[in-house]
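Subject: Structure handover

Dear colleague,

Here is the structure I said I would pass on. My notes on it come after the files.

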Amino acid sequence: YMKAWKLVKSMDRGFAEPLVRKTRGGSARGGAVVSPTGLKVLALYREMESASHAAVRRAGARLNRLFR
């Protein structure tokens, strides 16, 4: 739990706007939600991940043809 919050704080420091919006208040009124910037970052990350998988598949297929 604490490690997750440390990661969130670290990511928040690296971006111009927070990726997670936090509200204090304990279990009754507190909480956290992904911010609009966080949603954009997540969408871009998934786009990059998908593109990298496609590139690796293409290059991997060419590499596999070189094996016996």
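The notes below go through the overall fold, the salt bridge and the pockets.

Overall fold

Please keep in mind that this is a predicted model. The mean pLDDT of the protein chain is 92, and 100% of the residues reach at least 70.

The protein chain contains 3 helices and 2 strands. Read from the N terminus, their order is α-β-α-β-α. The radius of gyration of the protein chain is 19 Å, against the 11 Å that the globule rule gives for 68 residues, so the chain is more spread out than a compact globule. The C-alpha trace spans about 60 × 25 × 20 Å along its principal axes. Of the 68 residues, 12% count as buried.

Salt bridge

There is 1 salt bridge in the structure. It is formed by the side chains of Lys22 and Asp12, with an N to O distance of 2.9 Å. Because Lys22 lies in strand β1 and Asp12 in helix α1, the pair ties together parts that are 10 residues apart in sequence. The two partners also have their accessibility on record: Lys22, at 45% relative accessibility, counts as partly exposed, whereas Asp12, at 14%, falls under the 20% cut-off and counts as buried.

Largest pocket

The largest pocket has a volume of about 310 Å³. Its lining is made up of 13 residues, and those nearest the centre of the pocket are Tyr1, Trp5, Lys22, Thr23 and Arg24.

The largest share, 4 residues, comes from α1. By residue class, the lining of the largest pocket divides into 4 nonpolar, 5 polar and 4 charged.

Second largest pocket

The second largest pocket has a volume of about 200 Å³. The residues lining it are Val8, Met11, Leu19, Val20, Val34, Gly38, Val41, Leu42 and Tyr45. Helices α1 and α3 (36–64) each supply at least two residues of this lining, and the largest share, 4 residues, is from α3.

How does this lining divide into nonpolar, polar and charged residues, and what is the count of each? There are 8 nonpolar residues, 1 polar and no charged. For the largest pocket, by comparison, the counts are 4 nonpolar, 5 polar and 4 charged.

Leu42, one of the lining residues of the second largest pocket, sits in helix α3. At 35% relative accessibility, Leu42 counts as partly exposed. Leu19 is also in the lining of this pocket. The C-alpha atoms of Leu42 and Leu19 are separated by 9.2 Å, and the two residues are 23 residues apart along the chain.

Regards

Notes:
Residues numbered from 1 in each chain as written. Predicted model: local features only at pLDDT ≥ 70, side-chain atom pairs only at ≥ 80, totals over all residues. Heavy atoms only, no water. 1 Å grid on protein atoms, 1.4 Å probe; cavity = no way out; pocket = protein on both sides within 12 Å on 5 of 7 lines; lining within 4 Å. Points joined across faces, edges and corners; volume = space filled by probe spheres on them. Nonpolar A, V, L, I, M, F, W, Y, C, P; charged D, E, K, R; others polar. Salt bridge = Lys/Arg side-chain N within 4 Å of Asp/Glu carboxyl O. Buried < 20%, exposed > 50% of the residue type's maximum accessible area, 1.4 Å probe, protein only. pLDDT = per-residue confidence, 0-100. Rg over C-alpha atoms; globule rule 2.2 N^0.38 Å.
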